[in-house]
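Me: I am new to this structure. Can you show me how to read it, one feature after another?

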Amino acid sequence: MKKIKFDRFISHLNVSLVIFTGVLLCAAMIYYLHVRSLPNPEDNLLFIQPCFFAIAFCGIIIIAKDVIKAAAKAKADDSEIVEKSDTDKAGRFKAFMDKNKQIILMVLCAVMLCIIKFAGFFISAFLFLVAAMYLSGAFNGKIVKILIISFVIVLILYLAFGVALQVKLPVGILGF
Amino acid sequence: MESTWTLVVQALSAVNLEAVLWMIVGTAIGIFGGFLPGINATMVLVILMPLTYSMKLESALGMLLAAYGAAVFGGSGSAILLNTPGTGGSAATALDGFALTQKGKGNQALGIASMSSFLGGFFSVIVLLFLMRPLAAFALKFGPPEYFAIAIFGVSIIASVAGDDTFKGIMAGLLGLLIGTIGMSLTGQMRGTMGNMYLASGVSTVPAMMGLFALTSAFNLINEKSVVHEGTQHKRNFKEILEGCWITFKHIPLVIWSAIIGTVVGILPGAGASIACWAAYKESFRFTKNPPALGTGHYQGVVAPESANNAAQGGALITTFALGIPGSGASAVLLTALSLHNVTTGPQLLVQGIHLITEPIVLLMLSFFVCLVLGIVFEYAISGVVNVPTNVIAPIIIILAMTGSYAFRGALFDCFTALFFGVLGYIMSRHNYSRVAMVLGLILGTMTEQELVRTSIRFAGDFSVFFTRPISCIILVISVVSIVSSLVVKAKRERRKAAE
């Protein structure tokens, strides 16, 4: 019985919000403790200490608000908890990725930043654009169209930054 | 000290072709960006900023200011034609504007929007020119306690930009302040740099803003199908647009009254165009014979918000330039762009370097004319372009943001910073944490802390100076009032929502 109550409570809790707020709080605390351990704490902490306490106050209230809300909802709610079926894992993964295309962008972006040193800015940017558009299904996956659009964009970037404005962008082992 | 008129005349004669060309480019990009929903004035500025790194100051600032004004202007186009406000400032326009489109009077509405934006914006820039210097001259008497009070005033803005959830907004702002203190402290300690030399001078605001504004929007956009509502049709007609321009002049008292409201709301930090448009829209009720019919397609319902939202932009610049504190995301970007050109804003700038600022402001005035012409042509031509799929736009935004982060000081580290803040900003936006609050905190963090420590050193730890010195006391009181009033307004709004 207790277990069911707890499950109901969890199902109403905005778990990711609580975790995210918790992570923010921890990060602020680590920074605060770090500054405290440095020499001259009275000057260094003058601003940081009140700031940290205010953050802690807000964070705790945000978490507490959500917990109270979830508890109230769980009390009012006596429906059965529907177990999510675990069948067809691959299908669920695909559905999840369709709804969360930003993950593709974030990963591709990180990859691009890592290869910039070898491939240079323009090649990495071109590869990023092609991969990002292809994987997110732009132009119904017509690769020729994607290649052309990406090339045009990189060309514009090259003309605008490299030629017209003389902004230095990273060059790779190929020299551009 | 020369009179403001002489300064304007001098600036007008100093305007060169290069600056004008960049101003036109900025206007065009601003209108286009503002027109696309999901891309607001702040994002247009962030994306344009890297272009300005190697420009001359007046061209750079002229272009950014022009884009800033044009973006709000462009937002009205999509609000009227597609019922999708391109920026927060044109949300009120969508009510009557789109109703007019449905009645088949969309072209007139576009004309009215163009003309009222022009008049409202022009009015506020004139106020800006004349009010900026007296405010700055007054601010010159400031010492560390006063600057701290101003910084706190800036921090108090966070409460009003906090968004729906006040605690989350304040927490985001405070975290921003804390991140702003990373780097070498006044007493020479390395705080939170983890031995990274790029962090010694603090977390740079440019890549942080690229991440929080541009990358986050790209991550949010990619999951939408298209930037606009589908299936809205519009037949273009040039003559009707011009007819709309003419209609505006029949409502001139409303235009002026809305422009005054817009300017005043704009001066208040944190308020800005998105509040000004609603305030003016409410006022337009007084200027119609049949108030309840508003929202069903009345010209007044377009005139008032359009005049006010552009006026608010000029108003916001007064605080930005004279006090050096950002009142909104967009003016935060402007301040950063200025500091990239080694210009420190604040009272000093307006007294000693007034010439640096007058020319861009005159360019902004000129840009309203360009905006009027380009806007009419653009809105005539645009209808088809709005259906660019998001999975093409989002990758392009990311590449532009990365280019900007890198080009800022040639460090790949900044690109990683941008990505970090992009992911952080995405999670924040998912959970209703305000990103603008964090950026404001980040910008104000260094200033707040340094002035506090300076006061502590100079007055030997005696913090009663904040209240015994009249100016700092007044500013602190105003800050407290501003925090309390924005919280009260928010609570009232929530109660009204709950009642409905």
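Reply: Start with buried area. It is the accessible area that two parts lose on being put together, summed over both. Keep in mind that this is a predicted model.

Me: How much area do chain B and chain A bury between them?

Reply: About 5100 Å². Carbon and sulfur atoms account for 80% of it. Three residues of chain B stand out: Phe167(B), Leu178(B) and Ile399(B). They supply 13% of the area that chain B buries against chain A, more than any other three residues.

Me: How many residues are in contact across the two chains?

Reply: Contact here means heavy atoms within 4.5 Å. By that cut-off, 56 residues of chain B are in contact with 60 residues of chain A.

Me: What about polar links and salt bridges?

Reply: Take them separately. The interface of chain B and chain A has twelve residue pairs in polar contact, with both residues at pLDDT 80 or more. The count of salt bridges between chain B and chain A is zero.

Me: Which elements of chain B supply the side that touches chain A?

Reply: Several give at least two residues each, including helix H3 (41–52), helix H8 (166–180), strand S2 (190–191) and helix H17 (390–409) of chain B. The largest share comes from H17(B), with twelve residues. By class, this side of chain B has 38 nonpolar, 13 polar and five charged residues.

Me: Where are salt bridges found, then?

Reply: Over all chains, the count comes to four. One case is the pair Glu146(B) and Arg469(B), whose side chains meet at 2.9 Å, N to O. This pair links distant parts of the chain, 323 residues apart. Glu146(B) sits in helix H7 (residues 144–161) of chain B. Arg469(B) sits in the loop between helix H20 (465–468) and helix H21 (470–499) of chain B.

Me: Which residues form the nonpolar patch on the surface?

Reply: A patch takes residues with over 30% relative accessible area. Here the members are Tyr134(A), Leu135(A), Ile143(A), Val144(A), Leu147(A), Ile148(A), Val152(A) and Ile156(A). Together they have about 720 Å² of accessible area.

Me: Which elements give two or more residues to the nonpolar patch?

Reply: Helix H6 (121–135) and helix H7 (143–164) of chain A. H7(A) gives the most, with six residues. Ile148(A) lies in helix H7 of chain A.

Note on methods:
Residues numbered from 1 in each chain as written. Chains lettered and ligands numbered in written order. Predicted model: local features only at pLDDT ≥ 70, side-chain atom pairs only at ≥ 80, totals over all residues. Heavy atoms only, no water. Buried area = accessible area lost by both parts, 1.4 Å probe. Polar contact = N/O pair within 3.5 Å; in protein donor to acceptor, adjacent residues only side chain to side chain. Helix = DSSP H or I, 4+ residues; strand = E, 2+ residues; numbered from the N terminus. Nonpolar A, V, L, I, M, F, W, Y, C, P; charged D, E, K, R; others polar. Patch = residues over 30% accessible without salt bridge, like charges linked within 9 Å, V, L, I, M, F, W, Y side chains within 5 Å. Areas by Shrake-Rupley, 256 points an atom, 1.4 Å probe, with all protein chains shown as cover.
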